[in-house]
Amino acid sequence: MSSLVVAIDGPSGSGKSSTSRGVASRLGMRYLDTGAMFRAITWWMLTHDVDVTDADAVAARAGDAIIESGTDPQAPTILVDGEDASVAIRSDAVNAAVSPVSAVPAVRTRLLELQRSIIEAGSDIVVEGRDIGSVVAPGAAVKVYLTADPAARATRRAAEAGGDVATTQESLLARDRIDSGRATAPLTMADGAVHIDTTPYTLDEVVGQVVALVEAVSGAEA
Ligand SMILES: Nc1ncnc2c1ncn2[C@@H]1O[C@H](COP(=O)(O)OP(=O)(O)O)[C@@H](O)[C@H]1O
Ligand SMILES: Nc1ccn([C@H]2C[C@H](O)[C@@H](COP(=O)(O)OP(=O)(O)O)O2)c(=O)n1
């Protein structure tokens, strides 16, 4: 029997990472943060002096970074060429470059292959990103699309990472525009996805709602 996949998509700050980790921890599942993989390849481009505004230059190096993602929801890890990049991939420079780099088809093809090999290599898994339910795992047993008001998203992010709410909101909305407008695998609500607007709920409540969706499916399959 193939393993169960839970796909969680949505814009920045909607709660994907924390909800996915909470669900995976509660249900004993693996966890994959695909955003961290796009951030990792972007960080590699920046540290190898690739002009990230030049799609051809990015495409030419798309296969060169070695990216390894850990799948323990309690201790997610990301290695780039064997080096821990978990802090570096959250920098302002990566925030500014990650959406244009993620729009380059060769980057998406490379990471899609890696993502599918991780998903297929093991047990049940929660996978979060922008195109999981639509492209990476369209056959996922459960698909969730998380949103929240832009002001709530910016307030959450600023509280977590520091910085003022207005600047954070501008940066999130700029990324949303690129992520939703790109030609290849844009951010979209997949067919069959359950939409949860997380604005009025606590993290625990959202985790509970997603766990209930997964249990309904696994109960039906048992
Ligand atoms: N339902 C929620 N209510 C309040 N804060 C939340 C909620 N979900 C997530 N958060 C907080 O918002 C911030 C961004 O969440 P995160 O999971 O990183 O979002 P994303 O992965 O979609 O960018 C984190 O600090 C997280 O703890
Ligand atoms: N499946 C995915 C995941 C992320 N991306 C791109 C687009 C996003 O702006 C960046 C960063 O994603 P990430 O999930 O880390 O972003 P946030 O933490 O939600 O701000 O990567 C993507 O294109 N496809």
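This is a predicted model: local features need pLDDT of at least 70, side-chain atom pairs count only at pLDDT 80 or more; totals for chains, interfaces and linings use all residues.
**View 1. Strand 4 meets strand 5.** Zooming in on this pair, strand 4 (residues 78-80) runs antiparallel to strand 5, and two bridges link them. Look for Leu79 here: its bridge partner in strand 5 is Asp84.

View 2. Ala65 belongs to the loop that links helix 3 (55-60) with strand 3 (67-69). Is Ala65 buried or exposed? Ala65 counts as buried because 21 other C-beta atoms lie within 10 Å, and the cut-off for that label is 20 or more. Setting aside neighbours within four places in sequence, the contacts of Ala65 are Ala40, Ile41, Trp44, Val80 and Asp81. For a sense of scale, Asp197 is 132 residues from Ala65 in sequence, and their C-alpha atoms are 36 Å apart.

**View 3. Around ligand 1.** Now for the ligand: 16 residues surround ligand 1, and the closest are Gly15, Lys16, Ser17, Ser18 and Arg156. Helix 1 (16-27), helix 7 (150-161) and helix 9 (203-221) are the elements that each supply two or more residues to this shell.

View 4. How many of the residues around ligand 1 are nonpolar, polar and charged? The shell splits into three nonpolar, nine polar and four charged residues.

Notes. Residues are numbered from 1 along each chain as its sequence is written. Chains are lettered from A and ligands numbered from 1 in the order in which they are written. A residue is near a molecule or strand if its C-beta atom, placed from the backbone, lies within 6 Å of it. Helices (H or I, at least four residues) and strands (E, at least two) are DSSP runs, numbered from the N terminus. Ala, Val, Leu, Ile, Met, Phe, Trp, Tyr, Cys and Pro count as nonpolar, Asp, Glu, Lys and Arg as charged, and the others, Gly among them, as polar. A residue is buried if 20 or more other C-beta atoms lie within 10 Å of its own, exposed if 12 or fewer, and partly exposed in between; C-beta atoms are placed from the backbone. Two residues are in contact if their C-beta atoms, placed from the backbone, lie within 7 Å. Two strands pair if DSSP finds at least two bridges between them.
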